[in-house]
Amino acid sequence: LLRLHGVPTPRTFTLQHADAQALAAIEAQIDYPMVVKIPDGAFSRGVMKVKDAAEFTRVAEELLQQSALILVQEYMFTEFDWRIGVLNRQVIFASKYWMSKGHWQVAKRDANGKAEFGMASAVPLDEAPADLLAHALHAANLIGDGLYGVDMKMTSRGPVVIEVNDNPNIDAGAEDSVLGDELYRIVLREFVRRLDLLHRAAPGAPC
């Protein structure tokens, strides 16, 4: 959907079988390291970086036991990721998510699955790159008018959308570090507006 509408994304491939032919086709398009992940992961779960064909095959086979298909993307190094919050087709916050110390992801997990997260903080919207905000808004608007968290990277070739989250977290001290309580009021006012519209459309119906 994003590629069809000209939204910049990493080169991405879907994979249903970890066979040599499928791997060769991907290797012809992107270099190692690659990122291999399940489509419905969260907080870096089910997202792995592979450095060669042997590791690719092992990881792909493991992830294909959890999902009918997996995604393979080119790896893009940045010191931090962006999370752009969009509600009702408007940007409401922009946050920087720094990588966990000594790790390539925002969240670093140990063998037991316990996560250590990098720092996160919001920036005023007028201090975020305008083209990054524009692509985030375009990507979210292709999905709908709900509440979305658009994960992005600013790369040497410009802003790139990694994914659009339809159930984004808004954490105290992170996404709200610029607007404070007003960020929550923005979200609540939108809830109230939508409930009012439903009530006017069907008077007497329970809310």
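User: What is the strand order in the open sheet of four strands?

Analyst: The order is E1-E4-E2-E3, and the pairing is antiparallel. Strands (E, at least two residues) and helices (H or I, at least four) are DSSP runs, numbered from the N terminus; two strands pair if DSSP finds at least two bridges between them. This is a predicted model, in which local features need pLDDT of at least 70 and side-chain atom pairs count only at pLDDT 80 or more, while totals for chains, interfaces and linings use all residues. Residues are numbered from 1 along each chain as its sequence is written, and side-chain values use heavy atoms, with hydrogens and water left out.

User: How many bridges join E1 to E4?

Analyst: Four bridges join these antiparallel strands. Thr14 stands opposite Leu71 in E4.

User: What does helix H1 touch on the sheet?

Analyst: Helix H1 (residues 20-27) packs on the sheet and touches E1, strand E2 (34-37) and E4. The direction of H1 makes about 175° with that of E1; axes are lines fitted to C-alpha atoms, for helices over the stretch in contact, and angles run from 0 to 180 degrees between N-to-C directions.

User: Changing topic: is Gln73 buried or exposed?

Analyst: Gln73 is buried, with a relative accessible area of 7%. Buried means under 20% relative accessible area, exposed over 50%, and partly exposed in between (1.4 Å probe, protein chains only). Gln73 lies in strand E4 (residues 70-74).

User: Which side chain makes a polar contact with the side chain of Gln73?

Analyst: That of Thr12, at 3.2 Å. A polar contact is a pair of N or O atoms within 3.5 Å; within protein, one must be able to donate a hydrogen and the other to accept it, and residues adjacent in sequence count only if both atoms are side-chain atoms.

User: Which residue forms a salt bridge with Glu74?

Analyst: Arg157 does, with the closest N and O atoms 2.7 Å apart. A salt bridge is a side-chain nitrogen of Lys or Arg within 4 Å of a carboxyl oxygen of Asp or Glu. The pair links distant parts of the chain, 83 residues apart: Arg157 is in the loop between strand E10 (147-155) and strand E11 (158-165), and Glu74 is in strand E4. Glu74 is buried, at 10% relative accessible area.

User: How many salt bridges does the structure hold?

Analyst: It holds 13. Lys51, Glu55, Arg58 and Glu62 are linked in a network of them.

How values were computed. Contact = heavy atoms within 4.5 Å.
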